[in-house]
Amino acid sequence: MTDKTIHKTIIIGSGPAGLTAAIYAGRANLKPIVFEGNQPGGQLTITTDVENFPGFPDGVMGPEMMDLFRDQAKKFGAECFFKHVTKVDFSAKPYKVFVGEEEYLSETVIISTGASARMLGLKEEEELMGYGISTCATCDGYFFKDKNIVVVGGGDSAMEEASFLTKFAKKVTIIHRSDVFRASKIMLDRVKNNPSIDILTNKSIDSVNGTQKDGISSIVLNDSVSGEKSTFVCEGVFYGIGHTPNTAQFKNIIDLDDNGYILTKPDSSLTNIPGIFACGDVQDDHYRQAITAAGSGCMAAIDAEKYLEDNSI
Ligand code: NDP
């Protein structure tokens, strides 16, 4: 099926970046189409309380906040579809966006497909994510005041998260699956010199004991050298094993950096293709916050509007 309409802008992704772009594009009368993807609302829908988004002094649940974003976008004429974009063709204008066999045309495309935190694949993960397991220390560290927490991973993310979490936790223990660290020497040394941080090497998490009601009470560790299992008492588990940008559909189409993030021109959302913009975590492997993603979504809508003024078909 081909939708013959040439849309002004199609937004791919529906986290804080995409839906903020939709609010701004809607108010600019661009009648944005939003394809929400496989995880409507984005990463915030797998968190619970969000306490650091301005305007919510009492906090707000992540999924609820994203519903509010969506309602606000729809109020200004955005049309949101629970559809996953499978392919794009940016070789000629109007640009083509595919949802399976369905084809859509647009003068501009805003990409806000985000990044996904890597998961360990534990069977308790789905139930306890947001209830003791977290993928974001900045977001959730505050909820673990005076608790024992573990950080999984041996790269810079894990080191950074562990250092940050010592502001709240009683004790932070890094659990790494080998004894070779990818982390830079400076960050590893900082962790080793911090008396609030212990490091356990050659250990992986076998299972997590806990419930949504009471949170986590302990984890079971597996020692990769001895093969022995042991119980480790802790109340929080932070994953610091990296993120993967959701850019599979854009590989060899748009310029990406070595880690797969979309490259944008400095201080803008412009990609290497005129009329194609990127915002949020798909082009930011540094800040990764809802508020920064929302800010860049606003930039993308303004950039798209300006582009359309100058280049309308
Ligand atoms: P990395 O890929 O560098 O490290 C991931 C770590 O997680 C590795 O130690 C890896 O172990 C471990 N890991 C991956 N999968 C699993 C798994 N299934 N089970 C257990 N452990 C696992 O990712 P980072 O996010 O740490 O860093 C990404 C990039 O961002 C790097 O270039 C880094 O330097 C940069 N960065 C810089 C920061 C800074 O300078 N402030 C802060 C954060 C990131 P293994 O080594 O065994 O594969």
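1. A disulfide is a pair of cysteine sulfur atoms within 2.5 Å. A search of the whole structure turns up 1 disulfide. Before going further, please keep in mind that this is a predicted model, in which local features need pLDDT of at least 70 and side-chain atom pairs count only at pLDDT 80 or more, while totals for chains, interfaces and linings use all residues. Residues are numbered from 1 along each chain as its sequence is written, and side-chain values use heavy atoms, with hydrogens and water left out.

2. Which cysteines does the disulfide join? Cysteine 136 is linked to cysteine 139, with 2.0 Å from S to S. The link of cysteine 136 and cysteine 139 is right-handed, with 75° about the S-S bond. For burial, the cut-offs are under 20% relative accessible area for buried, over 50% for exposed, and partly exposed in between (1.4 Å probe, protein chains only). Cysteine 136 is buried at 15%, whereas cysteine 139 counts as partly exposed at 24%.

3. Cysteine 80 counts as buried, with 17% relative accessibility.

4. Cysteine 234 is also worth a look. The cysteine sulfur closest to that of cysteine 234 belongs to cysteine 136 and is 18 Å away, so the two are too far apart for a bond. Cysteine 234 is buried, at a relative accessible area of 1%. You will find cysteine 234 in the loop between β16 (229-233) and β17 (236-239); helices (H or I, at least four residues) and strands (E, at least two) are DSSP runs, numbered from the N terminus. Setting aside neighbours within four places in sequence, cysteine 234 is in contact (heavy atoms within 4.5 Å) with residues including Asn148, Ile149, Val150 and Ile216. By contrast, alanine 304 is 70 residues from cysteine 234 along the chain, and their C-alpha atoms are separated by 47 Å.

5. Now to the ligand. There are 14 residues around the ligand, and Asp156, Ser157, Glu160, Arg177 and Arg182 come nearest; a residue is near a molecule if one of its heavy atoms lies within 4 Å of it. What kinds of residue make up the shell around the ligand? The shell divides into 3 nonpolar, 6 polar and 5 charged residues. In that count, Ala, Val, Leu, Ile, Met, Phe, Trp, Tyr, Cys and Pro are nonpolar, Asp, Glu, Lys and Arg are charged, and the others, Gly among them, are polar. Helix α5 (residues 156-165) gives the most to this shell, with 3 residues.

6. A polar side-chain atom of aspartate 156 lies 2.6 Å from a ligand oxygen atom. In the side chain of glutamate 160, an N or O atom is 2.9 Å from a nitrogen atom of the ligand. A polar backbone atom of glycine 155 is 3.4 Å from an oxygen atom of the ligand. On its own the ligand has 920 Å² of accessible area, and the protein covers 68% of that.

7. Threonine 113 is in the loop between β8 (102-111) and β9 (115-117). A polar atom of the threonine 113 side chain lies 2.8 Å from the backbone oxygen of asparagine 246. Leaving aside neighbours within four places in sequence, threonine 113 is in contact with Ile12, Gly13, Asn246, Phe250 and Val282.

8. A few backbone details deserve a check. Most residues other than glycine have a negative phi, and most peptide bonds are trans. Here, the peptide bond from lysine 93 to proline 94 is cis, with omega near -5°, and proline 94 lies in the loop between β6 (87-89) and β7 (95-99). Asparagine 29 has a positive phi, near 65°. Asparagine 29 sits in the loop between α1 (16-27) and β2 (33-35) and is exposed, at 54% relative accessibility. Aspartate 146 has a positive phi of about 60°; aspartate 146 is in the loop between α4 (137-140) and β11 (148-152) and is exposed, with a relative accessible area of 58%.

9. Lastly, is lysine 167 buried or exposed? Lysine 167 counts as exposed, at 62% relative accessibility, and lies in the loop between α5 and β12 (171-175). Lysine 167 and tyrosine 142 are 25 residues apart in sequence, with 8.6 Å between their C-alpha atoms.

Conventions:
A polar contact is a pair of N or O atoms within 3.5 Å; within protein, one must be able to donate a hydrogen and the other to accept it, and residues adjacent in sequence count only if both atoms are side-chain atoms. Accessible areas come from the Shrake-Rupley method with a 1.4 Å probe; for residues, only the protein chains shown count as cover.
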